[in-house]
Amino acid sequence: MAEQISISSWIIPVVMAAVFLHGLINNVRVFEVFTQGAQEGLQLAVKLVPYLLGIYVAVSIFRESGAVDLMVKVLNPVIRLLEIPADALFLSIVRTLSGPAALSMMVEIFDTYGPDSYMGRLASTLMGSTDTTFYIIAIYFGSVGIKKTRYAVPVGIMADFASLLASVYIVKRLFE
């Protein structure tokens with residue numbers, strides 16, 4: 001039997017060869033340009049370290065201080081009215097702060113309720129439709145040196161809340 005050759009195993013080598021060939025044809029010193037780009041990327045990574053450190057410290061303080069639990073308690077009347085499970089709200093809040101922490105919470109939800117349960121499906125939908133707003137703002141704004149975020153934080157939080165509401169609605173309609 002002849003072995004099947006898949007296109008996917010050839011994509012990266014073909015693209016690399018095309019880039020190298022394009023550089024040769026246009027008299028570009030490919031290795032020098034590559035090392036210059038790598039140096040710029042490393043400088044950017046070093047420039048972002050304070051922003052990353054700041055956001056991780058802020059997230060840790062926010063989580064460990066009990067502020068997230070307090071926020072869930074304060075918002076409890078609203079989540080009851082909108083029929084949002086407390087675990088989903090908690091996951092949504094943590095997701096805006098930290099992707100890895102939200103992922104571990106989703107795994108806990110899977111362990112508690114099961115991945116095919118309403119809560120498991122809601123957690124999965126939330127993870128796919130929300131984002132780590134504060135991390136993204138720290139990285140993207142920090143990489144270009146913007147210190148005043150203006151409307152980015154409120155709009156990001158509103159988008160995450162809209163995603164929470166949409167997730168609850170969609171999962172209820174499709175799976176309940």
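**Exercise 1.** What percentage of the 176 residues of the protein count as buried?

*Solution.* Keep in mind that this is a predicted model. Buried means under 20% relative accessible area. By that cut-off, 27% of the 176 residues qualify.

**Exercise 2.** Work out the fold pattern, then decide: is the protein a compact globule or more spread out?

*Solution.* Start with the elements: there are nine helices and zero strands. Along the sequence that reads α-α-α-α-α-α-α-α-α. Next, the globule rule gives 16 Å for 176 residues, but the radius of gyration is 22 Å, well over that, so the protein is more spread out than a compact globule. Finally, look at the box filled by the C-alpha atoms: roughly 65 × 55 × 25 Å along the principal axes.

**Exercise 3.** Take helix H9 (residues 152-175) and compare its reach with the expected span. Then find which helices its buried residues pack against.

*Solution.* H9 has 24 residues, and at 1.5 Å a residue you'd expect 34 Å. From first C-alpha to last, H9 reaches 33 Å, which is close. Now pick out the buried residues of H9: Gly-156, Asp-160, Ser-163, Leu-164, Ser-167, Val-168 and Val-171. Their packing partners are helix H5 (86-97), helix H7 (118-129) and helix H8 (133-143).

**Exercise 4.** How far apart are the mean positions of the positive and negative charges?

*Solution.* Count 12 positive and 13 negative charges; their mean positions lie 11 Å apart.

Definitions and conventions. Residues numbered from 1 in each chain as written. Predicted model: local features only at pLDDT ≥ 70, side-chain atom pairs only at ≥ 80, totals over all residues. Heavy atoms only, no water. Helix = DSSP H or I, 4+ residues; strand = E, 2+ residues; numbered from the N terminus. Expected span 1.5 Å × (residues − 1). Buried < 20%, exposed > 50% of the residue type's maximum accessible area, 1.4 Å probe, protein only. Contact = heavy atoms within 4.5 Å. Rg over C-alpha atoms; globule rule 2.2 N^0.38 Å. Lys, Arg positive; Asp, Glu negative; His and termini not counted. Charge placed at Lys NZ, Arg CZ, Asp CG, Glu CD.
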